[in-house]
Amino acid sequence: MSVNFEHFLYGGDYNPDQWLDHPDILKEDIRLMKQAHINTVSLGIFSWAKLEPAEGVYNFDWMEETIDRLYENGISVNLATPSGARPHWMADRYPEVLRVNEARQRALFGERHNHCYTSPVYREKVRRMNQKLAEHFDSHPGVILWHVSNEYMGECHCPLCQQAFRDWVKEKYHTIDEVNRRWNTAFWSHDYQSFDQIESPSSIGENSIQGLYLDWRRFVSYQTTDFCRAEIAALREAGAKKPVTTNMLYKSPWVNYFELADAVDIVSWDSYPFWHKGPESQTAVNAGMRHDVMRSMKGEPFLMMESCPGAMNWIPVSKLKRPGMLEASSLQAVAHGSDSVLYFQIRKGRGGYEKLHGAVIDHYGKEDDRTYQECCQVGADLEAIQRLHHSKVEASVAVVYDWENRWAVEASAGPRNENMYYREAVEKSYGAFRRQGVNVDVIDMTKSLEPYQVVAAPMVYMFRAGFEEKVRAFVERGGVFIMTYWSGVVDENDLCFLGGTPGGLMDVMGLRSTEIDALYEGEFNTLRVVDSAVSGEDEIAAGNLSDNVVRSEDKSGVWDSLNHDITYRCEHLCQLVDLRTAKSLFVYGEDFYAGTPALTVNCYGAGKAYYVCADAEQRFYDDVYARILKEAGIRRILEQEIPAGVEVSSRRSDKTEYIFIQNFNPVSVSFCPEAEAGEVIFGEVSEKMKPFSTVVLERRQAITEK
């Protein structure tokens, strides 16, 4: 389902229920929102206590008055269900709704998301509330979207969840013997005799079976998604017809968002990069990848449901956004496919945990506030580029980032039990592609590889969802596939593949992984180019290479331009491989495996498969991936060289391509797009781009990448 609103949504979370005794403030909020070009607010996210102050007693009058007043002033509502935080009366009367932690202790009332997704009582209370809201508000012309709950998170280990988990395991494996086989419970004599013995992992109980851990993570994700589906079903049963979303986070350890995305009509998420903590250019790469993860889930425009217009209060250091940073980060979301820029929050609350969190309207309450003025500018920007609303991002390159694989990597018990750096490994591949000025999809292993020409799969330790078969078919028909160290080690139950790794793909990669060396923090090795001036046999004779390293044929010449005097650092993990049909492009420079392959390439079918053996520095990925993209014939959005720290993205609609050029450097950089790149429709073009500035070009009849 493609959800298309009339315009970019601009606004954010609004909490009038905290200001009902200040009608003058509520009136002033409307004026300030209109002046800031705000056209949408998210309403009622944590309002259960005001909507149902006592069990079965509903008070929707204040919300109806608010929605009416907003609609009369041209502001639409993204209406939330309030299940993110239950009222006190519910916890007092029905203690089963409160969560139990992994040590089997039930929580007291407090916090948010302190509720059991399995509890029949909680599900029933949520169902009733959602139906009441749908009956009352879905037909209101001011309501354009349903916002189900808020940032689903956490897990519960209560008896109800334990039984639901046992039922889930039984449905998946059917017999206890199959459970024992798939979880390899023979280790440490932990066989189960019945499903009744199965419990969730706990620090005071079973915590050594990775298969149990993975299936518990899957169950928690399933149960959370099922709860979300139940919320949506309640709305639909009551006649709701408006589209539905739920706001996701980036790194959720509890929910596989690629699964949750299937439950909603449009993906939305909450974006909180740590700007100014490190180089803004690197933060921009990380933030861009997070946007692309969300966009890639459905391959449609998404919504940035929350971002911060000022300083975030819940991080160790609440850093102010430098002038221009809000505009740059907001437009970056649009460049990567967002059809909204929405904030948490519209007005700062007077008390509570987030009273000091950034907002459009400060406690000061006046329009000469710096953050407010910058919010006004962003609103004007979105109106200026309205023509590209609901255009789409198209990519011929993808990076694999898999939730379940991350769970498995983090629980693998080796080769490093601290900092496996899985996310960082994905970001290196993603960043290397982005620095070449191409759009990038970020997919998981359930997705098809067919739409792409080049796919990178960093650290795919666990193979699942038939990934091996997808890779084989992809390379066979002419795709370029890049795999890295610590890949294809286990199946979906964390059972090691027998007969060699990467499991099921040794012939495609042309090698076998043999050993992996874990390096201490601060320890490193080096990578260098195989000397193309002499044959592999000559280097073997000289004692520089092992007998399975030979020159790679390079008919395109892209590899000949590598500087043989440059070495690259690698750290954390160094994979050793035994070459079969693959050829070596780089070798290690140090330790007992000096001279053995560090980057390989194998021709398979009509395609090529590359294997990166070590956790190399970003510079290595940038140089190598530039050549892989060139050899694969991938068209860059702009043909001219892109300066460091400048990001180029594009969206398309029919025969029009909209090109975003953004300088994420805190200083001006020399860069001016060539005249043939397109017509300037936003920003200023000169010989230099100002810090945190954005230029948008319109190019007609663009050549398709695919």
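Colleague: Which strands does helix α11 lie across?

Modeller: In this predicted model, helix α11 (residues 325-335) lies across β21, β22, β24 and β26, and runs at about 150° to β22. Helices (H or I, at least four residues) and strands (E, at least two) are DSSP runs, numbered from the N terminus. Axes are lines fitted to C-alpha atoms, for helices over the stretch in contact, and angles run from 0 to 180 degrees between N-to-C directions. Contact means heavy atoms within 4.5 Å.

Colleague: And in what order do the four strands sit in the open sheet?

Modeller: The general idea: strands of a sheet pair through backbone hydrogen bonds, either parallel or antiparallel. Here the order is β21-β22-β26-β24, with antiparallel pairing. The edge strands, β21 (646-653) and β24 (679-682), each pair on one side only. From one strand to the next, the twist averages 30°. Two strands count as paired if DSSP finds at least two bridges between them.

Colleague: How many bridges link β21 and β22?

Modeller: Eight, in the antiparallel sense. Val648, for instance, has Ile661 in β22 as its bridge partner. The two strands form a hairpin with two residues between them, and Asp654 in the turn has a positive phi of about 55°. On to the next pair: β22 (residues 656-663) and β26 (residues 694-700) share seven bridges, and Glu657 stands opposite Arg699 in β26.

Colleague: Why is β21 largely enclosed by the rest of the structure?

Modeller: Because seven of its eight residues are buried. Buried means under 20% relative accessible area, exposed over 50%, partly exposed in between (1.4 Å probe, protein chains only).

Colleague: Is Gln131 buried or exposed?

Modeller: Gln131 counts as buried, because its relative accessibility is 16%. You'll find Gln131 in helix α5 (residues 120-137). Its side chain makes a polar contact of 3.2 Å with that of Glu237. A polar contact is a pair of N or O atoms within 3.5 Å; within protein, one must be able to donate a hydrogen and the other to accept it, and residues adjacent in sequence count only if both atoms are side-chain atoms.

Colleague: What covers the buried residues of α12?

Modeller: The cover includes β1 (9-14), α1 (23-35), α11, β9 (340-343) and β24. Among the buried residues of α12 are Thr371, Tyr372 and Leu382.

Colleague: Anything to remember about numbering and cut-offs?

Modeller: Residues are numbered from 1 along each chain as its sequence is written, and side-chain values use heavy atoms, leaving out hydrogens and water. Local features need pLDDT of at least 70, side-chain atom pairs count only at pLDDT 80 or more, and totals for chains, interfaces and linings use all residues.
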